[in-house]
Amino acid sequence: MFDPSFKISNEPQSHCSISLPEPYRFDDTEFWRAIPAWRDVDSEAFGEFRWQQRNSITSLPRISQVLGEIANPSLLSDIKAGLLRARMNIRLTPYVFSRINWEFPEYDPLRRQFLPLGSEYKPEHPLANDDSLDEEGSKVRPHLVHRYPDKALFLPITLCPVYCSFCTRSRVVGGSTAVKSKSTYGAKPSDWEESFDYIRNHPQIEDVVISGGDALLLRAKHIRLIGKTLLDIPSIRRIRFATKGVAIMPMKFTSDGEWMDALAEVATYGKRLMKEVALHTHFNCDREISAWTTRAMSALCEIGLIVRNQSVLIAGVNDNFSVLHQTFKGLSSQRIQPYYLYQHDMIPGCEHLRTTVHLAKSLSMKLQGSMTGFNTPRVVCDAPGGGGKREISSHLLYDREIGVSAWSSPAAKPGKTFLYYDPIHLLEKEGKTIWNNPTEIKSRVASIKSKALDRASAFV
Ligand code: SF4
């Protein structure tokens with residue numbers, strides 16, 4: 001069990017649990033009291049995961065209610081218009097909701113990730129795809145994706161404690177919306193056995209990602225069952241639980257003793273078998289880091305879990321060097337290893353959030369050498385159509401005028417090529433004009449495909 005009275009302070013180590021140098025002493029104020037409905041909530045209540053779950057924001061009327069006198073009617077009607085087009089429902093923990101700067105919500109990087117505005121939307125890219133990574137094409141069991149030779153993706157649940165506008169699995173995660181019907185599912189252990197059997201029968205699989213949805217919503221007994229079952233499979237060397245929890249409900253790690261005990265048991269079991277048990281989390285910008293992050297990470301360090309971070313490059317959230325650098329330095333200071341920075345997937349409803357490959361490349365160049373190597377994330381494009389993660393500069397060719405890059409994937413799909421398309425609204429005038437001419441764009445893309453295939457053959 002973990003000590004809920006944990007304090008972060010500038011005092012010497014003997015007087016406190018953790019002492020951090022100045023740049024890494026993150027916000028430890030009672031920031032949530034700026035939200036009228038939570039003015040009287042003390043840090044003990046706010047730090048309870050059950051309170052966070054009970055008070056999560058799941059509707060527009062609830063937003064208006066908690067904001068009370070600071071609610072801006074024109075913003076609320078803009079959110080209402082956004083929700084009519086959104087593929088993800090509203091769900092924010094009070095922690096995330098109160099990290100938003102409600103004085104200037106239009107520009108806030110957290111608001112932008114969870115509460116889309118009608119005024120932000122851009123016309124859909126003609127090649128946006130519900131299942132842009134073709135996960136369904138690599139599904140070997142209803143809850144299991146097997147694309148890379150030695151790795152599998154296990155999806156035991158499609159529910160999350162927050163819903164992100166840019167979710168790459170918006171086709172299944174988080175319940176139906178006005179524009180998208182979904183077959184969301186909760187955790188049901190009897191449905192998992194066929195996935196475990198598949199992994200047992202495919203000894204080339206060494207690595208399993210437990211994702212969804214979010215592993216944070218798995219019960220303690222599910223964490224134990226999944227963790228131990230997978231670790232008991234002789235070929236498995238590594239497992240990782242994927243959860244946004246550290247970023248959006250850090251209180252889970254300090255106040256849900258039963259759940260943490262289960263995670264600790266799995267971590268210890270892994271250590272005994274000399275197998276890796278890790279947790280992969282998901283911060284996108286430095287505003288998501290606070291003293292609550294430090295508390296959560298202290299608890300996770302205590303049980304010896306490796307924690308890595310995967311970010312998505314999102315326009316208006318982290319599409320500049322300074323935010324990325326501060327985010328990755330901040331995460332590293334908390335023993336969260338920045339692992340990937342993803343080019344935004346080509347899913348519908350996200351044109352306002354995507355950026356160009358050119359921008360991702362230039363950010364990658366600036367990040368390299370700006371911090372220690374093992375804390376510098378790999379900037380990757382998850383190649384549409386199932387090519388897997390490709391280094392951002394490893395494209396076979398890139399026609400910047402029409403914003404089309406071509407990739408190959410010799411390990412996952414030898415002999416095939418994959419195309420990524422920049423958002424049309426970010427192209428120069430000439431590129432936009434070409435996209436308005438169906439014959440011309442067809443022939444330009446066909447020529448890129450054929451040149452890319454030629455080049456790809458060199459890597460087979
Ligand atoms: S937490 Fe992850 S799976 Fe859940 S909505 Fe966000 S991006 Fe999607």
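Let me start with Tyr-342, which is buried at a relative accessible area of 12%. Buried here means under 20% relative accessible area, with exposed over 50% and partly exposed in between, using a 1.4 Å probe and protein chains only. Tyr-340 is also buried, at 8%.

Before going on, this is a predicted model, where local features need pLDDT of at least 70, side-chain atom pairs count only at pLDDT 80 or more, and totals for chains, interfaces and linings use all residues. Residues are numbered from 1 along each chain as its sequence is written, and side-chain values use heavy atoms, leaving out hydrogens and water.

Now the rings. The structure holds 17 aromatic pairs. Rings of Phe, Tyr and Trp (its six-membered ring) pair if their centres lie within 6.5 Å; planes under 30 degrees apart count as stacked, over 60 as edge-to-face and the rest as tilted. Tyr-340 and Tyr-342 have ring centres 5.3 Å apart and planes at 45°, so that pair is tilted. Phe-46 and Trp-51 make another tilted pair, 5.8 Å centre to centre with 50° between the planes, and both residues are buried. Ring pairs join these two into a cluster with others, including Phe-31 and Trp-292.

Last, the helix. Helices (H or I, at least four residues) and strands (E, at least two) are DSSP runs, numbered from the N terminus. Helix α13 covers residues 321-333. Its buried residues, among them Phe-328 and Leu-331, pack against β9, β10 and α14, where contact means heavy atoms within 4.5 Å. Just after α13, Arg-335 takes a positive phi of about 65°.

Notes:
The expected span of a helix is 1.5 Å times one less than its number of residues.
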